[in-house]
Amino acid sequence: MKLQMNDGREIPALGYGTWRVTNEQSEACVIDALSVGYRHIDTARIYENEVGVGSGIAHSGIDREEIFLTTKLWTDGQEDPETALAQSLKRLKLDYVDLYLIHWPVPARNLYPRVWEKLIQLREKGMTLSIGVSNFHPEYLDALKSSGVVPAVNQVELHPGFANRAVADYNTEAGILTECYCPLGRGQYLSDSLLTDIASRLGATTAQVILAWHLAKGYVPLPKSGTPARIQENFEAQQLTLTEEDVAEIDGISQSPKICADPANFTGL
């Protein structure tokens with residue numbers, strides 16, 4: 001499954017996330033993910049596993065051109081994004097990434113509009129093929145409009161218990177794809193009765209139902225696991241077809257606060 005981004009390029013609709021996958025684990029995990037069919041790998045400088053991720057790609061036996069790789073600009077690199085990306089590429093041992101994201105806007109510093117202009121230049125240089133953002137509220141996205149370039153994606157926390165509707169709706173209206181980290185809500189909804197009922201009817205796991213819900217809504221979920229069987233199980237969520245009623249019922253799950261930090265309060269310092 002692939003989706004088209006607003007820059008004309010395609011992105012695999014299901015990605016393998018590597019947050020909290022250690023550098024030592026990441027090579028084997030990336031190889032496992034690619035072996036079951038993933039072609040979309042998500043990492044970041046702050047995850048401290050780019051070396052392992054790059055090694056996993058190199059030793060996977062999969063052509064680089066078949067793999068969609070994302071990494072992210074951490075807050076300490078906002079003064080010099082080109083150097084930060086060059087350092088990421090050196091750790092990854094690659095010539096380019098497919099998608100480079102501003103990891104956090106850090107509104108207190110108000111550098112992100114200028115940083116976005118720098119990312120446009122990095123795309124023009126071919127260091128990254130597409131550019132986007134992460135953890136951006138609508139007002140931060142509005143501040144990028146003067147550049148004339150709309151982010152290809154906005155990666156945010158999103159799961160049935162935190163549907164992040166204001167951001168997701170803004171993204172859709174602006175033609176920005178919504179990528180979802182923490183798509184399984186750190187396991188907090190795996191025993192939800194509605195989700196388990198749907199899973200039982202479909203002969204699937206609850207995690208698969210949650211990921212199928214993301215896919216049905218046109219989102220790009222990024223599940224993470226270090227267990228080969230779970231990596232494959234998550235990938236197979238693409239085979240599930242939810243009814244419109246299933247999707248609507250999951251949309252109605254009671255909403256809870258964010259699990260992760262809020263970008264408005266994140267300084268990154």
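Let's start in a side pocket: the lining of the second largest pocket divides into 9 nonpolar, 2 polar and 7 charged residues. Here Ala, Val, Leu, Ile, Met, Phe, Trp, Tyr, Cys and Pro count as nonpolar, Asp, Glu, Lys and Arg as charged, and the others, Gly among them, as polar. Before you click on, know that this is a predicted model, where local features need pLDDT of at least 70, side-chain atom pairs count only at pLDDT 80 or more, and totals for chains, interfaces and linings use all residues. Residues are numbered from 1 along each chain as its sequence is written, and side-chain values use heavy atoms, with hydrogens and water left out.

**Stop 1: the second largest pocket**

Select Lys2, Pro12, Arg39, Glu66 and Phe68: of the 18 lining residues, these are the closest to the pocket's centre. The space here is about 240 Å³.

How is a pocket found? On a 1 Å grid over the protein atoms alone, a pocket is an open set of points with protein on both sides within 12 Å along at least five of seven lines, while a cavity is a set where a 1.4 Å probe fits but cannot get out; lining residues have an atom within 4 Å of a point. Grid points are joined across faces, edges and corners, and a volume is the space filled by probe spheres set on the points.

**Stop 2: the largest pocket**

Next, pick Trp19, Tyr181, Cys182, Arg186 and Lys224. Of the 32 residues lining the largest pocket, these are the closest to its centre. About 700 Å³ of space lies in this pocket, and its lining has 16 nonpolar, 10 polar and 6 charged residues.

**Stop 3: the cysteines**

Keep Cys182 selected. Cysteine 182 sits in the loop between strand S9 (177-181) and helix H7 (193-202), and its phi is near 55°, a positive value in a residue other than glycine. At 14% relative accessibility, cysteine 182 counts as buried (buried means under 20% relative accessible area, exposed over 50%, partly exposed in between, with a 1.4 Å probe and protein chains only).

Now select cysteine 180, which is buried at 0% relative accessibility. Cysteine 182 is in no disulfide either, with the nearest cysteine sulfur, in cysteine 260, 4.5 Å away. The structure holds 0 disulfides (a disulfide is a pair of cysteine sulfur atoms within 2.5 Å).

**Stop 4: the sheet**

Switch to cartoon view. There are 10 helices and 10 strands in the chain; these are DSSP runs numbered from the N terminus, with helices (H or I) of at least four residues and strands (E) of at least two. An open, parallel sheet takes 8 strands, in the order S3-S4-S5-S6-S7-S8-S9-S10 (two strands pair if DSSP finds at least two bridges between them). Strands S3 (16-17) and S10 (220-221) are the edges, each pairing on one side only.

Zoom in on residues 97-102 and 128-134: 5 bridges join these parallel strands, S6 and S7. Tyrosine 100 has isoleucine 131 in S7 as its bridge partner.

**Stop 5: a loop**

Select glutamate 48, in the loop between strand S4 (40-42) and helix H2 (50-58). Glutamate 48 has a positive phi of about 55° although it is not a glycine. Buried or exposed? Glutamate 48 is exposed, with a relative accessible area of 58%.

**Last stop: zoom out**

The C-alpha trace spans about 50 × 40 × 35 Å along its principal axes. Buried residues make up 54% of the 269 residues in the chain.
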